[in-house]
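Here is a brief report on the pockets of one protein model. The structure comes next, and the text then turns to the spaces in it.

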Amino acid sequence: MTATIALPHVIRVGAGASAELAGTLDSLGLSRPLVVTDPFIAGQPFFQELLTRLEKAGFSPGVFAETVPDPTTTVVEAGLRALREGGFDSLVAVGGGSPIDTAKAVALLGAHGGRMRDYKAPVVTDSPALPVVAVPTTAGSGSECTRYSIITDVETGEKMLCAGLALLPRAALVDFELTLGMPRRLTADTGLDALTHAVEAYVSTKANPVADGLAREAMRTIFTHLRAVYADPGDRAAREALMVGATQAGMAFSNSSVALVHGMSRPVGAHFKVAHGLSNAMLLPTVTEFSVPSAPERYAECARAMGLAASGSTDGEATGALVWELRLLNQELEVPTPREYGIGAERWWELAPLMAEQALASGSPANNPRVPTAEEIVELYHAVFG
């Protein structure tokens, strides 16, 4: 089986990369961008500086600052109206995964029309959308380098996975300095999201040698530096490493896939308004333990990449260390269980069968080394509740 490897045309990485936005747009032949972000980022000094640089370079950017966590079809439709009313030729996404996913969805509808539900998995859309330049401000989603967008359908409550090369940004400006102000909780959740991307990309049934190399390095980098950044948010060296690791993890899963953790995570976010990275973190240790028997060699390599097992260790020793350390990492980064988060047990049990159905429908669990039944997913939801 062949693998199709796709990355943004341009990836600029390092301190100050975001200052190269005007030059990047110019090199791509773009002249009228709509800048997509959220209300918080729109009020930050660096965002105003970004707009000022664009204006000084001769651009006339528009701003759509109405994105929300876990973007919805309502927000995408509002962004599409702004795009069409302003006659923009491209989008610049500034923010975490939510603004970037929103911009990618707007770019898709701007080029192809229809509604977002027309593009949800298993549909794959590879024909080009409007160009997107992504400027991430968190070290987590990797959306700046992926061919995916997650949008919640407000009519059904479903978190839709939309996929295809149409959703791959044309360029990514990866500037770790934009993450220096991230609070500790967001740092932990997005970092664990990135770690989940790397692990799932490596154990996926769609894994391939190119994605494997990116995933191994991402696991090593993220696991090495995440605790340091959580303890000291101003640690520039650790911030830079974590940002690079998150981007590598995004490249890895975009060219392999995610699996059961993500399949189960999306319904939790849709029904209980849990941030995507946090719901991944809640699930990762338990789903890993469930999946290990079907791919012990791959999970053992994950442990060795993270420095949790020696090269001469047995696969059993390595996978045991992996599950233990993932649980310990959650404890140290203060990841709550769903119960501790405040979710009611009765509602959780009530929705577990529906969430299991939605998880399977997304297609992601089919990429897992151990493909679960709906009943097994319900059991896993019960196990992680706390």
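## Second pocket

β7 and α14 (345–362) each give at least two residues to the lining of the second largest pocket. Helices (H or I, at least four residues) and strands (E, at least two) are DSSP runs, numbered from the N terminus. The volume of this pocket is about 640 Å³. It has 28 lining residues, and R147, Y148, K206, S256 and S257 are the closest to its centre.

A pocket is an open set of points on a 1 Å grid over the protein atoms alone, where a 1.4 Å probe fits, with protein on both sides within 12 Å along at least five of seven lines; lining residues have an atom within 4 Å of a point. A volume is the space filled by probe spheres set on the points, which are joined across faces, edges and corners.

## Basis

This is a predicted model: local features need pLDDT of at least 70, side-chain atom pairs count only at pLDDT 80 or more, and totals for chains, interfaces and linings use all residues. Residues are numbered from 1 along each chain as its sequence is written, and side-chain values use heavy atoms, with hydrogens and water left out.

## Largest pocket

The largest pocket holds about 1,200 Å³ of space. Among its 48 lining residues, G96, G97, S98, T138 and L186 are the closest to the centre. Elements giving two or more residues to this lining include α5 (97–112), β6 (148–152) and α9 (260–272). α6 provides the largest share, 6 residues.

## Helix α12

α12 (residues 315–332) has 18 residues. E334 follows α12, with a positive phi near 55°.

Terms used
The expected span of a helix is 1.5 Å times one less than its number of residues.
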